[in-house]
Amino acid sequence: MMALLAGASVIFGPGMLESGITFDLGQLVVDHELIAMTKYCRSGIAVNDATTAIEEIISAGPASHFLENASTLTGMRNLSTTKLIDRQVRESWEAAGSPEFYESAKQEARRILREHHAAPLADDVAREMRAVVAAADREVGVFD
Amino acid sequence: MKRGVQTAAHSGGTQVTVFSEGDMDDLHLGTLEILDHTGVFVESDEALDLFADAGCRVNRDTHIVKIAPTVVADALRSVRPSFRLCGRSPADDVLIEQGRVVFAPFGEGLMVNDLATGENRQSTKQDVADVVLLADGLEGLELNNAAVVPRDVPPDNAELHSLEATFHNTTKPFGISFLGKRDCELATKMAAIVAGGADALYERPLLMFVGCPVAPLVLPTILTDNFIAGARANAPIQCTSMGMAGGSTPVSLAGTLMVQNCEQMASLVLVQHVNRGNPYFYGSSTCTMDMRWGSSAVGTPETALYMAGTAAMARYYGVPSWTAGY
């Protein structure tokens, strides 16, 4: 967070445990969720005629609410959302099986590995590259 | 006496810029406009009288109090940029200052995760004692807080039991929100016994009175009772706005901070009228309404921004701030 606010160009480290000895796939998904939150903070607080909402506050008045305002309907799309951090109240969270953040993150890691596919290399590209690695292996005495 | 860690405005301190001067001027001037033309709803008749005395336009039928910019300016002139929070032991006093930060536990929860069994259950008076003792023993926490409500005592006296358990278990300063006039009077009586008399308590206030406006723009009786009692006792006051963006305040960050700022300025007018120069915290525990679940989403980037905005606005006014985190 501090590096981001200080204007770092790259921040690396997600997924790392034990000072870099161990990499944890679940932790990478946890950190990924935290990155979304810090990015949201970086966008700051916009102060302009629309956001200060003076006329809306005046017309709503004390002891009212803003649930039905058009600005709430459009503005809610700009609110932060979470994928894995559970924002439900305790009862609903328990009804959903009390999912722990880290456990949810590991499940999400498994799902992504199952469902996500990187664009494949062309067959001839893969063949040529394989040949380079195979030749290098033969040089050090490994034969496939 | 303890002082906080140096933060912004000290050489070597890390600082985050949230607003430009123009942004804060916009929020301030918008607040003056809303307070002058719309005003706030004040529930208690006693508080209405005090607002009228302070030069506000009070409608006793609608309970609306409209506050002119000059009245706000006058309250801001008398506010203290620094003050001392007194602990039972003077060595634990904490000086609250601009640009320095101290830490306090959360307050107040209704449930506790049992340390022995892990069970999530209703909190008791013993839990108040345990939590307060734990925080007393953690040196990184300069302040204490009655962090849970005792639910095994008569509900009308819950805060008095909480106060008793707290005095027993900490020598650090702490805050507590009382339930009304009777509660405030009895709590002050208890604190005077600990301090060694009413005069000693006035010189070294051992209580900090806490109140929360109800967004948007409502000062309920429980808040004004606490603030009036606190200001009369020369005790520090912590006013904690609790907007919920998209529900009780506009969905936008700036609009939510605008409503909060109106509530803060109205509360400040009351407190400074009762006792000019009374210590006051510009406080916030404002959050967002999660539109998927209808829950109040606290651990969000929006809350982080609200707290940064709160600190910035309080600095703009030269008033110490009280923000939520961790």
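In the predicted model, helix H2 (residues 25–42) of chain A packs against helix H7 (residues 101–115) of chain A at an angle of about 105°, and the two axes lie 8 Å apart. H2(A) is therefore roughly perpendicular to H7(A). On the H2(A) side the contact is made by Leu25(A), Gly26(A), Val29(A) and Val30(A), and on the H7(A) side by Phe101(A), Tyr102(A), Ala105(A), Lys106(A), Glu108(A) and Ala109(A). By class, the residues of this contact between H2(A) and H7(A) divide into 7 nonpolar, 1 polar and 2 charged.

Chain A contains 8 helices and 2 strands. Along the sequence these elements follow the pattern α-β-β-α-α-α-α-α-α-α. The radius of gyration of chain A is 24 Å, whereas a compact globule of 144 residues would have a value near 15 Å. Taken along the principal axes, the box filled by the C-alpha atoms of chain A is roughly 80 × 40 × 35 Å. Of the 144 residues in chain A, 14% are buried. Among contacts in chain A with a separation of 6 or more, 42% are between residues 24 or more positions apart.

The contact between the two chains takes 34 residues from chain A and 42 residues from chain B. On the side of chain B that touches chain A, at least two residues each are supplied by helix H1 (21–37), strand S3 (40–42), helix H9 (253–274) and helix H10 (301–317) of chain B. H1(B) gives the most to this side, with 7 residues. The class composition of the side of chain B that touches chain A is 23 nonpolar, 14 polar and 5 charged residues.

Helix H9 of chain B also holds Leu257(B). This residue counts as buried because Leu257(B) has 34 C-beta neighbours inside 10 Å. When residues up to four places away in sequence are not counted, Leu257(B) touches Leu27(B), Tyr306(B), Gly309(B) and Met313(B). From Leu257(B) to Ser44(B) the separation is 213 residues in sequence and 25 Å in space, C-alpha to C-alpha.

Two open sheets of chain B were examined. One has 4 strands in the order S13-S15-S17-S20 (chain B), and its pairing is parallel. Strand S13 (209–211) and strand S20 (321–322) of chain B are the edge strands, each pairing on one side only. S13(B) and strand S15 (residues 237–241) of chain B run parallel and are joined by 3 bridges. In this pair, Phe209(B) stands opposite Ile237(B) in S15(B). Helix H8 (residues 221–232) of chain B packs on the sheet and touches S13 and S15 of chain B, with a direction that makes about 155° with that of S13(B). H10(B) likewise packs on the sheet, where H10(B) touches strand S17 (280–284) and S20 of chain B. The direction of H10(B) makes about 155° with that of S17(B).

Strand S18 (residues 287–289) of chain B pairs with S19(B) in the antiparallel sense over 2 bridges. Met289(B) stands opposite Ser296(B) in S19(B).

A further buried position of chain B is Phe174(B), which lies in strand S12 (residues 174–175) of chain B. Phe174(B) is classed as buried because 28 other C-beta atoms lie within 10 Å, and 20 or more are required for that class. Leaving out residues up to four places away in sequence, Phe174(B) touches Leu143(B), Asn144(B), Asn145(B), Ala146(B), Thr166(B) and Met208(B). Phe174(B) and Asp114(B) are 60 residues apart in sequence, and their C-alpha atoms are 23 Å apart in space.

How values were computed: Residues are numbered from 1 along each chain as its sequence is written. Chains are lettered from A and ligands numbered from 1 in the order in which they are written. This is a predicted model: local features need pLDDT of at least 70, side-chain atom pairs count only at pLDDT 80 or more; totals for chains, interfaces and linings use all residues. Two residues are in contact if their C-beta atoms, placed from the backbone, lie within 7 Å. Ala, Val, Leu, Ile, Met, Phe, Trp, Tyr, Cys and Pro count as nonpolar, Asp, Glu, Lys and Arg as charged, and the others, Gly among them, as polar. The radius of gyration is taken over C-alpha atoms; the globule rule is 2.2 Å times the number of residues to the power 0.38. A residue is buried if 20 or more other C-beta atoms lie within 10 Å of its own, exposed if 12 or fewer, and partly exposed in between; C-beta atoms are placed from the backbone. Axes are lines fitted to C-alpha atoms, for helices over the stretch in contact, and angles run from 0 to 180 degrees between N-to-C directions. Angles under 35 degrees count as roughly parallel, over 145 as roughly antiparallel, 65 to 115 as roughly perpendicular and the rest as oblique. Two strands pair if DSSP finds at least two bridges between them.
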